[in-house]
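Let's walk through a protein model together, one piece at a time. Keep the structure open beside you as you read.

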Amino acid sequence: MSVSAPPRQLAFALPHAESLSRDDFLDGPCNTAGLALIDRWPDWPSRIMMLVGAEGSGKSHLAAIWASEAGARVTAAHTLTATTVPAELATGALVVEDVDPATLDERALFHLLNLAREYEAFVLMTARQPPSTFEVGLRDLRSRLRALPVITLEQPDDGLFRALIVKFGADRQMQLDEAVVSYLVSRIERSSMAAREAIARLDAESLRLGRPITRALAADVLRQDNLE
């Protein structure tokens, strides 16, 4: 007599909001310079600054804090066009997210840099790579980018990494005990993005299986990920 396996429970991906307020920013040695830049505004070394760091390093969180304080508009670099630049600078402060030479309109960005100086506007740009490494066709744009002051965000240290795991869990209304946190810290890549993805997988599996979040479940999730 064969026994059929119990049906798999479907897990619905419910929306969850990650807080980007100043109070929810977790600071440490890896991002001290970035936070200091935000707190120092408007006394910046240049009205146009760039935050550089890996995906999930906190660039967008810092940019959101500054945008709230400065009344800045926020736009994605790949959506910039020469015709939209004046409107983007209308408030005198602008965040340009994820500047990537592979997807941006070079003439639009060059126009933005020129107009920002003319308007004496503040611009905070974010990127995953330093502008000195960008391969752009416009020589004048290349020169402008390489002259930009850059603040680099590093990967989190031990203390901050643990705090990030707890925060990402709290953003999803997950309560993680010390055993789960310690297990994740010792097993996953030391990056904010890896921590966020691990928490998302753990949350999804807990909902799908109807199991509490334990060290054993975390081990099962990471084992599945290694096999995929």
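This is a predicted model: local features need pLDDT of at least 70, side-chain atom pairs count only at pLDDT 80 or more; totals for chains, interfaces and linings use all residues.

Which residues in α6 meet which residues in α7? On the α6 side they are Phe161, Arg162, Ile165 and Val166, and they meet Glu178, Val181, Ser182, Leu184 and Val185 in α7. Contact here means heavy atoms within 4.5 Å. By class, this contact has six nonpolar, one polar and two charged residues. For these classes, Ala, Val, Leu, Ile, Met, Phe, Trp, Tyr, Cys and Pro count as nonpolar, Asp, Glu, Lys and Arg as charged, and the others, Gly among them, as polar.

Residues are numbered from 1 along each chain as its sequence is written, and side-chain values use heavy atoms, with hydrogens and water left out. Helices (H or I, at least four residues) and strands (E, at least two) are DSSP runs, numbered from the N terminus.

**Helix pairs**

Axes are lines fitted to C-alpha atoms, for helices over the stretch in contact, and angles run from 0 to 180 degrees between N-to-C directions.

| Helix pair | Angle | Axes |
|---|---|---|
| α6 and α7 | about 125° | 10 Å apart |
| α4 and α5 | roughly 55° | within 10 Å |
| α1 and α2 | about 5° | 10 Å apart |

Angles under 35 degrees count as roughly parallel, over 145 as roughly antiparallel, 65 to 115 as roughly perpendicular and the rest as oblique. The axes of α4 and α5 cross at roughly 55°, which makes α4 oblique to α5. In their contact, Glu106, Leu109, Phe110, Leu113, Asn114 and Arg117 of α4 meet Asp140, Leu141, Arg144 and Leu145 of α5. These residues divide into five nonpolar, one polar and four charged.

With an angle of about 5°, α1 and α2 are roughly parallel to each other. Gly34, Leu35 and Ile38 of α1 make the contact with Leu62, Ile65, Trp66 and Glu69 of α2.

**The sheet**

Now turn to the strands. Five of them form an open sheet with parallel pairing, in the order β2-β3-β4-β1-β5. Two strands pair if DSSP finds at least two bridges between them. β2 (73-76) and β5 (150-152) stand at the edges with a single partner strand each, so one side of each has no neighbour in the sheet. From one strand to the next, the twist averages 20°. Between β3 (residues 93-97) and β4 (residues 122-127) there are four bridges, and Ala93 has Phe122 as its bridge partner in β4. Helix α2 (residues 59-70) packs on the sheet and touches β1 (48-52), β2, β3 and β4.

Side chains of opposite charge can pair when their charged atoms come close. The structure holds nine salt bridges (a side-chain nitrogen of Lys or Arg within 4 Å of a carboxyl oxygen of Asp or Glu). One of them joins Glu88 and Arg73, with the closest N and O atoms 3.2 Å apart. Glu88 belongs to helix α3 (residues 85-88) and Arg73 to strand β2, 15 residues apart.

Two loops deserve a look as well. Between α1 (32-40) and β1 lies Pro42, and the peptide bond from Trp41 to Pro42 is cis, with omega near 10°. Glu120, in the loop between α4 and β4, has a positive phi of about 55° although it is not a glycine.
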